[in-house]
Amino acid sequence: MENSKRIVFWILSLATISSITISFSNGNLDVLCIESERQAPLRFKQDLKDPMNRLSTWSSAGEGDCCKWSGVACDNLTGHVIELLLGTSFISEADRATSTTPLFIYEVNFLGHLRYRLGGKINPSLLNLKYLNYLDLSYNDFEGIQIPSFIGSLKNLISLNLSEAGFGGVIPHQLGNLSSLRYLNLRQRLFGGRLVVDNLHWLSDLSSLQHLDMSGADLGREFDWLLVINKLSSLVELRLSWCELHQFPPLSAANFTSLAVLDLSDNEFNSLIPRWVFNLKNLYALHLSNCGFHGPIPSSGPSSLKVIDFSGNNTLTPLMLEWIFSHKDLTFLYPIYCNSMSGPIPVGLSNLTQLKGLFMGSNSLNSTIPTWLCNFKHLEFLGLDENILEGEIPSCFGNLVSIIGLDLSYNQLEGKIPKSLGKLCRLRKLSLSSNNFSGGISETLRSFSSCSVGSSLELLYLDSNKLSGEILADQLVQFRSLTSLSLSENLISGPFPASIDRLSCLKQLYLSSNQLNGSLPESLGQLSNLEIIDLSRNLLTGVVSDVHFINLTRLKVFYAPGNSLTLKTSSDWIPPFQLVDLSLDSWNLGPKLPQWIQTQRYLETLLISNAGIADIIPTWFTNFSSHLSYLNLSHNQFHGNFPNTTLPLMTIDVSSNNFNGSLPHFSSEIDIINLSNNSFSGAVSHFFCNRSTSYRFSHVYMSNNILSGELPDCWDKWNLGILNLNDNNFHGAIPNSIGSLTYIRSLHLRNNKLSGELPSAVRNCIKLLSVDLSGNEFEGNIPPWIGSSFSCLMALSLRSNNFEGHIPFEICSLTNVQILDLARNSLSGKIPRCFHNLSAMITFHYSTVPFQLYYSDGEVELIENAIVVTKGKEVEYSKVLNLVMAMDLSDNNLSGEIPMELTGLVNLQTLNVSNNLLTGRIPLKIGDMRWLESLDLSKNQLFGEIPASMSSLTFLSHLNMSCNNLTGRIPTSTQLQSFDESSFTGNNQLCGPPLHQNCSITKAEPEDGVGQGNFIEEYGLRLGLGFLFGFWGVLGLFLLNMPWSIAYRRFIDGIVLKLHGLSV
């Protein structure tokens, strides 16, 4: 939702935005069009797609005069058709050509625009319009077809605008025949295919050309592009952005000396800026963003220069900045936008007081906002967004009396929003999103009442801050010009403002992720201009009826999931709107699927999970919208078969319902399929194998169904990222074709009846992050290539199979593994000492980002999950999976000692080696594993004392050391004494709390690390006494008669007394 709300706030171009306008015009109503020219548009219309019936006035049975048709204009004297203006543009081309105001987009309404686009084919009947001067087909969708070559025969064309019309392929050379052409726009950056230039020399024949825009066309193979354009001496505007240009052909002097606008942005020159650019004396605007330019700039340049855009080059040297700062008459400056600038805002800017536009967004500027910016009396647009600015907004910002647009979003600014912003009487666009501003929302809105600034505001973004309190009933009245309001992700509480209907111009309303409560007011239905509303994740309750939508005829997006609202409308209700996106998750819509949904012919997104629906899928649902790409019906009680569908779905989630029967057929273009937690049954070969090879990246979830049979052997037809077939009835071996899934990240086949050895073809799946094959009947040795092939692996579960043999040492190469579960097999041998190489379990990298495998788009988030046995029970982790560290080797036949190296895995939270044949002592440094929450050493043959270092395990909440041969006193700590007696039973010589068995010999509690000393002292005592009473008992008779025996006997007596003193 954030992406659709904030598509672009600043776009670096010379143009002006208006709301969606259809570029239609009409000629003189007193002149009738010529009959032969009347038929031409009608034949032209026959080959067009017109989904919104824009050309309804073009009719042989209706209006006879084609000069009155929409988009047609005739000559006032002759009646000839001279203009055919069918653009669906949201950008005024006149403004693009002449305006010096930067394109300041606050809501580019693509949703409405897409619906109005024309398509189809271009009928050659246009050739009958021999007097046509202006042809505009811009911002339509001709789906990649080539520009018709016959357009080059329209000899009287003065202006040809095919920008963003979806044309593709080679640009026809015949356009060079349009010798009268003064305006040519072939820009193609937003929609459709890409235009290609195989030879540009036809362009040199357009000697009258003044405005040329070929942005987005591939000129990469045209090495002489500059020499050709240099022949166009009348050029005033040249735009060649994103044209795959890599070099400048040698050019001593530019012939297009009248050039005022030059845009070469988004190419890959990676060179010096050519000197001829700075010799263009009439140059007014220079756009060289994202070109990789570097090096020195001539000290002198065109004095006429008013607009500079060097953004995105990442190489702004002090000399370049000095050159920029020397142009004190600059009016628009983009030099620091997205240039990896850090530190404070450059003080050299303080001399450019004539600036009208200053854009420094998308950098790492990390100072406070300097007060000298308040001296920019002419400043109209200021963009400091996406930096690390801190502190408060200077109160002197109220002195920026000319400001129209102010963007301080995505920083770390704090404090209250200053009341002085209420003095900015020309302010139309204000974005303070994603900061740490606090204070009451009521107080903030009240500050805009000064000099009626509220009445001029068109856009107000205060989302993602810490604003709190209620919106008072009368506070919205002042914002009568507001078209877009975003207060999402704050702490705003109280009822939804009933006075919302006073915002009569409102088009977009974002109030998600707050604490609004109560019911929705019926006044919401009076916002006749409303196009987007997002009320997600609030505390709204009550009933919503058709009255709430009565005048919302322009509504395109309605998001309100995460509330407790109930929709009640009549069964035959026909909404006044045609939605594109609808999300009503967690509403009460049931028990039947609402019938009115079938009236939404342009729906692209339908999200109605957890909506209390208990119904079958009606027949109309399979083809009601030819645009539906994202469908979520999960967590309802749908039942019956899910029918085959022709819907152009790319994402479908019908998980957690009661669907049954065989798997349905979906579009081959589908990306994400989630059919989990249903009762689908039968084989799956028809689903996976009856399709042509696809290169689309897909994700398939079918866990917890009744699917059966063998796994299909046609995985080469898929390009899977995730495959989850857990908890079904599949049997047989894993087919070799699964090795063709070279981009798969997650493979889950848990709890089936799969058998055999793991095929070596699986080693080709080198990008795997998560593998769960637990609960099957796999056998043989664990393949060593698991360690060598899966270097990215983070979670591996082979639990509950029939694997045997030793744990391969290659497992130690899994340096990224966080979860290793080999429990309940027949593994033997020793625990590898090389486990200390599992570095992810040693070095803790905290991240708040979940273990995410893939993002489909702005709405769909795929998060990996894993089952971990910890604290004696199975736990499923998903959103916090990135924080889980666990190792389970239990229920095998492992022998030998627990290696000391295992205690080096200091970030492990769960360690289970129970029910093996392990011997020896518990490693003394086990206390180093300070993050352990669950430790199970039970049912082994471990002996000796429990190391005193275990007192350091303060996070331990589950402990089982039962059924071993442990001896001595249980170390004293709050944690160890808190466990139940069962944690230590089966160790007959253990004593001390929590056991009831008292220790017979009282000893001072050893400190950390003293356990080894106790053992040495005890062993030394016994050895010493044995030696003294054994060895000296035999030889004592001889020594008693020696002269020195008395002195030596006293010495030995002293040793014995000392040893005896230690023993008691």
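Tutor: Two strands count as paired if DSSP finds at least two bridges between them. Strands (E, at least two residues) and helices (H or I, at least four residues) are DSSP runs, numbered from the N terminus. The model is predicted, so local features need pLDDT of at least 70 and side-chain atom pairs count only at pLDDT 80 or more, while totals for chains, interfaces and linings use all residues. Residues are numbered from 1 along each chain as its sequence is written, and side-chain values use heavy atoms, leaving out hydrogens and water.

Student: Which strands make up the open sheet, and in what order?

Tutor: Three strands, in the order E20-E22-E24, with parallel pairing. Strand E20 (390-391) and strand E24 (436-438) have a single partner strand each, so they stand at the edges and one side of each is left without a neighbour in the sheet.

Student: How do you know that Lys416 and Glu443 form a salt bridge?

Tutor: The term asks for a side-chain nitrogen of Lys or Arg within 4 Å of a carboxyl oxygen of Asp or Glu. Between Lys416 and Glu443 the N to O distance is 3.6 Å, so the pair qualifies. Lys416 belongs to strand E22 (residues 412-416) and Glu443 to helix H7 (residues 441-446), so the bridge ties together parts 27 residues apart in sequence.

Student: Why is Lys416 called partly exposed?

Tutor: Buried means under 20% relative accessible area, exposed means over 50%, and partly exposed is in between (1.4 Å probe, protein chains only). Lys416 has 49%, so it falls in the middle class. Glu443, with 29%, is partly exposed as well.

Student: What makes Lys429 and Glu458 a salt bridge, and are the two residues buried or exposed?

Tutor: Their closest N and O atoms are 3.8 Å apart, so the distance is within 4 Å. Lys429 lies in strand E23 (residues 429-431) and Glu458 in the loop between helix H8 (453-456) and strand E25 (459-461), so parts 29 residues apart in sequence are tied together. Lys429 has 5% relative accessibility and is buried; Glu458, at 18%, is buried too.

Student: Why is Ser499 called buried, and which residues does it touch?

Tutor: Its relative accessible area is 11%, so it is under the 20% limit. Ser499 lies in the loop between strand E28 (491-495) and strand E29 (508-510). Leaving aside residues up to four places away in sequence, it touches Ala473 and Leu476 (contact means heavy atoms within 4.5 Å).

Student: And how many helices and strands does the protein chain have?

Tutor: Twelve helices and 67 strands. Of its 1064 residues, 57% are buried.
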